[in-house]
Structure formats: C-alpha cells, structure tokens
Amino acid sequence: METGGTHIIKRHKRHGIEAFSKEKLQKSIVAACLSAGAPHGQAEIVARHVAESVEEWLEDRPEVTSSDLRLATAKQLKKYHADAGYLYEQHRMTI
Amino acid sequence: MDITSSLAAVALIALIHASFQLSVSVLTLLGSHTIGARMSHKKVLSLISSYVLGATTMTLLIVSFAALIFLQAFGTEVPLMAWAIACAVVLGIGVAVWLFYYRKGAGTSLWISRGFARHLTSRSQKTTHPTEAFSLGLTSVIGELVFIIPTVVLSALILIGLPGGWQMAGLGVYTLFSLLGLLVVWALIGSGYSLSKVQKWRETNKRFLQFSSGGALIVLGFFVYVAKVAAEVAGVMS
C-alpha cells in the first residue's frame with residue numbers, strides 16, 4: 001500500500017529514492033513495540049495511530065530523508081509507548 | 001608468576017575485554033529484531049544462544065592462535081622486548097579507547113567502520129537461522145579485534161608461561177570472563193527483560209564504560225611494564 005506522493009530519500013545513494021509505504025512503516029512500528037514488550041494487539045493499534053500521524057506529517061512534504069522519517073515516527077511513537085519509541089530511535093545508533 | 005597468579009591475571013585482563021561493547025550491541029540488536037519479528041521464545045533463545053556460542057568460539061580461536069604464534073616465536077620464555085612492545089600496544093590502545101571508543105552524539109555507536117557497522121546491523125536484522133547467528137557471533141568478535149588486541153596479546157603471553165594443561169584452563173578462564181557482559185545480556189533477553197531498559201542502561205553508562213575500559217588498559221600497561229620490564233632491567237643493573 002503506497003500513500004501520497006511523498007518520496008523517501010534513503011541514507012545511501014545506492015539505495016536511491018523510494019515511495020513512502022504506510023504498510024512498511026506500520027510493520028516497523030509493530031516490530032519496535034513487540035521488542036519493547038508490548039502485546040501484539042497493542043502493537044497493532046499503536047502502529048496504526050502512529051502511521052496515521054506520520055502520514056499527516058508527510059502530507060505537505062514531497063520528499064523527506066529516511067532519517068527524518070525515523071525521527072518523526074519515533075517522536076510520535078513515544079507519545080503512545082515510550083520504550084518502543086526509544087528503541088525505534090536507537091535502531092541506527094546501537095552499533 | 002605462579003599458576004594461581006597467572007590465572008587471576010588472565011581473568012582480570014579478560015574482564016577488560018568484557019567491558020568492550022560491540023558483541024553486546026549486536027546481541028541487543030539481534031534480540032530486538034527476533035522478538036520484533038514475532039519469533040517464538042524458543043526460536044529467540046536458539047538464535048541468541050547460537051550467537052553467544054559463535055562469540056565464544058572466535059574468542060577461543062583468537063587467544064589460542066595468538067598463544068600459538070608467541071609459543072612458536074619465543075618458546076615458553078618471553079623476551080623482555082616482547083613484553084615492552086606489548087606494554088606499548090596496551091598503553092596506546094588504552095589512550096585510543098579514552099579518546100575514540102564511542103562516537104559523539106546519542107546512542108551507543110562505536111568507533112568502527114560505518115560500512116562494517118551497517119553490515120552487522122543488516123545481518124542481525126536478516127538472521128533467522130542458528131547457523132547465521134553463530135557466524136554473526138564469530139564476526140562480531142573480529143569486528144572488535146582492534147580494541148581487544150591488548151588483552152589478547154597479554155593473556156597469550158601469560159598463558160605460554162603456564163604448564164601444558166594449565167594453558168587450556170587459562171584459555172577457558174579468559175573466554176569465560178571475557179564473555180561475562182554478553183552472558184548477562186543473553187540471560188536478560190532469555191528471561192524476557194525489556195530490551196529498551198538494556199539499551200538505556202548502556203547509553204546512560206557509555207562514558208563510564210569507555211573511561212573504565214581505557215583506564216583499565218592504561219593501568220594494566222603500566223603494571224606489566226613495572227612488573228616485567230622495569231623489574232628485570234633493575235635486576236640486571238643491580
């Protein structure tokens with residue numbers, strides 16, 4: 001499922017640009033919630049809410065970097081599940 | 001040094017190795033991805049255990065390889081020059097750890113090649129089979145080789161001075177103590193402890209870990225220099 005006309009600029013040039021996918025974002029949020037110990041049902045609900053908020057944030061942005069998208073998602077996710085938001089934010093900063 | 005003192009020294013040196021964080025970071029990521037991918041607890045446990053087994057195997061191999069090289073080069077009597085060079089390496093890397101170990105900014109990013117860090121991150125995400133987890137464990141120890149060279153070199157130099165059977169015991173002591181950090185995180189993930197709490201603790205205490213690892217290497221370098229090099233030189237001169 002692709003939504004809007006927003007394009008995501010990946011961190012590395014070889015990965016290029018890809019269209020924003022709400023489904024892909026939701027999956028990554030669910031994974032972060034489960035890693036933080038949230039039950040499946042809660043993870044799904046939180047992911048849906050956060051993905052909608054991020055989609056709204058993207059409405060007037062034709063292009064964003066994958067890092068900006070991660071930060072914006074982590075910020076929204078922290079409102080619903082602080083630990084999951086923290087893990088989401090830390091993903092690229094752990095190693 | 002007698003056998004007990006040698007084994008105690010190897011254990012202390014291995015604890016410095018245990019304070020280095022690359023293997024722990026990869027284990028945290030592996031745990032996070034496997035739990036996030038809705039794998040069963042049994043599968044998660046199998047993957048993280050294979051990872052720890054891989055790190056154990058590579059640690060054993062690296063220390064025994066270094067000991068073999070030194071044994072071939074020096075026999076059981078290590079020359080003074082070798083101790084002096086080892087001390088210089090320990091002190092140099094101790095200072096480097098103080099200066100460079102963690103990157104600036106949030107998170108627990110280490111001063112390793114970004115390409116290698118991305119590779120480890122992506123491999124930990126794609127690991128679904130115990131064999132892959134095992135090789136990830138092997139690779140993570142190689143990745144932190146630059147930081148563990150001092151502890152490996154000093155332990156190997158001490159080990160070759162021990163009688164045959166005790167060398168194996170020393171190897172076991174080094175491996176066990178060097179993996180303590182990893183074993184603690186393995187037990188935490190296995191018991192269902194929150195990964196975000198583990199990562200928060202690591203991020204909060206990263207500067208302390210950096211200071212203590214670098215400081216311990218510097219103290220160790222001075223100690224070995226005084227106990228081995230300076231003491232022998234003073235003995236020759238008196």
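Select A31(A), L34(A) and S35(A) in helix α1(A), then S32(B), I35(B) and G36(B) in helix α2(B): these two groups meet, a contact being heavy atoms within 4.5 Å. By class, this contact of α1(A) with α2(B) has three nonpolar, three polar and no charged residues; Ala, Val, Leu, Ile, Met, Phe, Trp, Tyr, Cys and Pro count as nonpolar, Asp, Glu, Lys and Arg as charged, and the others, Gly among them, as polar.

The model is predicted, with local features needing pLDDT of at least 70 and side-chain atom pairs pLDDT 80 or more, while totals for chains, interfaces and linings use all residues. Residues are numbered from 1 along each chain as its sequence is written, chains are lettered from A in the order in which they are written, and side-chain values use heavy atoms, leaving out hydrogens and water.

Helices are DSSP runs (H or I, at least four residues), numbered from the N terminus. The crossing is right-handed, the near helix being turned clockwise from the far one by less than a right angle.

Continue along chain B to R38(B), in the loop between α2 and α3. Its phi is near 60°, a positive value in a residue other than glycine. R38(B) is partly exposed, with a relative accessible area of 42% (20% to 50%, 1.4 Å probe, protein chains only).

Next, pick L77(A) and Y51(B), the residues with the most contacts inside the largest nonpolar core, which has 92 residues. Such a core is a set of buried (under 20% relative accessible area) Ala, Val, Leu, Ile, Met, Phe, Trp, Tyr and Cys residues joined through side-chain atoms within 4.5 Å. Helix α3 of chain B, residues 41-74, gives the most to this core, with twelve residues.

Stay on L77(A). Not counting residues up to four places away in sequence, L77(A) touches several residues, including I29(A), C33(A), V46(A) and Y88(A).

Finally, select helices α3 (residues 66-80) and α4 (residues 82-90) of chain A, whose axes are 6 Å apart at an angle of about 165°. That makes α3(A) roughly antiparallel to α4(A) (over 145 degrees). Among the residues making the contact are R70(A) and L77(A) of α3(A) and G85(A) and E89(A) of α4(A).

Notes. Axes are lines fitted to C-alpha atoms, for helices over the stretch in contact, and angles run from 0 to 180 degrees between N-to-C directions. Angles under 35 degrees count as roughly parallel, over 145 as roughly antiparallel, 65 to 115 as roughly perpendicular and the rest as oblique.
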